[in-house]
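Hi,

Here is the structure I promised to pass on to you. Please have a look at it first, and then read my notes below.

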Amino acid sequence: MDIRTWEGDKVKIMVDYDKCNGNGACVEICPTSVYEIQEGKTVPVAIDECIECCACVENCPMEAIVHSSC
Ligand code: SF4
Ligand code: SF4
């Protein structure tokens, strides 16, 4: 299991890197550009811009994202 965790001021985001295939759906759907793909996996580089809309969790086809507010 390769679960990565990022903690911001308001939220915590976990991504299962065994599931993430880097397809970029979370990058495309996030309204505040929290994510970017690095070396084939998503990274919430701008976690403090998160507005807790849960679109990333709902639109990841691999169900790789766990979000503290969703
Ligand atoms: S949508 Fe899911 S599988 Fe695709 S890059 Fe984001 S976390 Fe990875
Ligand atoms: S919850 Fe919404 S704003 Fe926050 S990272 Fe996911 S898509 Fe972006």
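How many salt bridges does the structure hold? There is one, and please keep in mind as you read on that this is a predicted model. The salt bridge brings together the side chains of Asp2 and Arg4, with 2.7 Å from N to O. Both partners are partly exposed: Asp2 has a relative accessible area of 25%, and Arg4 has one of 36%.

Next, the strands. Strand E1 covers residues 3–7 and strand E2 covers residues 12–16. The two run antiparallel and are joined by five bridges. One of the pairings to look for is Ile3 in E1 with Asp16 in E2. Together E1 and E2 make a hairpin, with four residues between them.

Now to the ligands. Which residues are closest to ligand 1? They are Cys20, Asn21, Asn23, Cys26 and Cys60, out of 13 residues that surround this ligand. By class, the shell of ligand 1 is made up of eight nonpolar and five polar residues, with no charged ones.

Ligand 2 is likewise surrounded by 13 residues, and here the closest are Cys30, Cys50, Cys53, Cys54 and Cys56. The shell of ligand 2 has ten nonpolar residues, two polar ones and one that is charged.

One more residue deserves a visit when you have the model open: His67, which lies in strand E5 (residues 65–67). Is His67 buried or exposed? With a relative accessible area of 5%, His67 falls under the 20% cut-off and therefore counts as buried. Leaving aside residues up to four places away in sequence, His67 touches Val11, Lys12, Ile13, Cys50, Glu52, Cys56 and Val57. As for Val43, it is 24 residues from His67 in sequence, and the C-alpha atoms of the two are 13 Å apart in space.

That is what I have for now. Happy browsing!

Best wishes

Technical notes: Residues numbered from 1 in each chain as written. Chains lettered and ligands numbered in written order. Predicted model: local features only at pLDDT ≥ 70, side-chain atom pairs only at ≥ 80, totals over all residues. Heavy atoms only, no water. Near = heavy atom within 4 Å. Nonpolar A, V, L, I, M, F, W, Y, C, P; charged D, E, K, R; others polar. Pairing = 2+ DSSP bridges. Salt bridge = Lys/Arg side-chain N within 4 Å of Asp/Glu carboxyl O. Buried < 20%, exposed > 50% of the residue type's maximum accessible area, 1.4 Å probe, protein only. Contact = heavy atoms within 4.5 Å.
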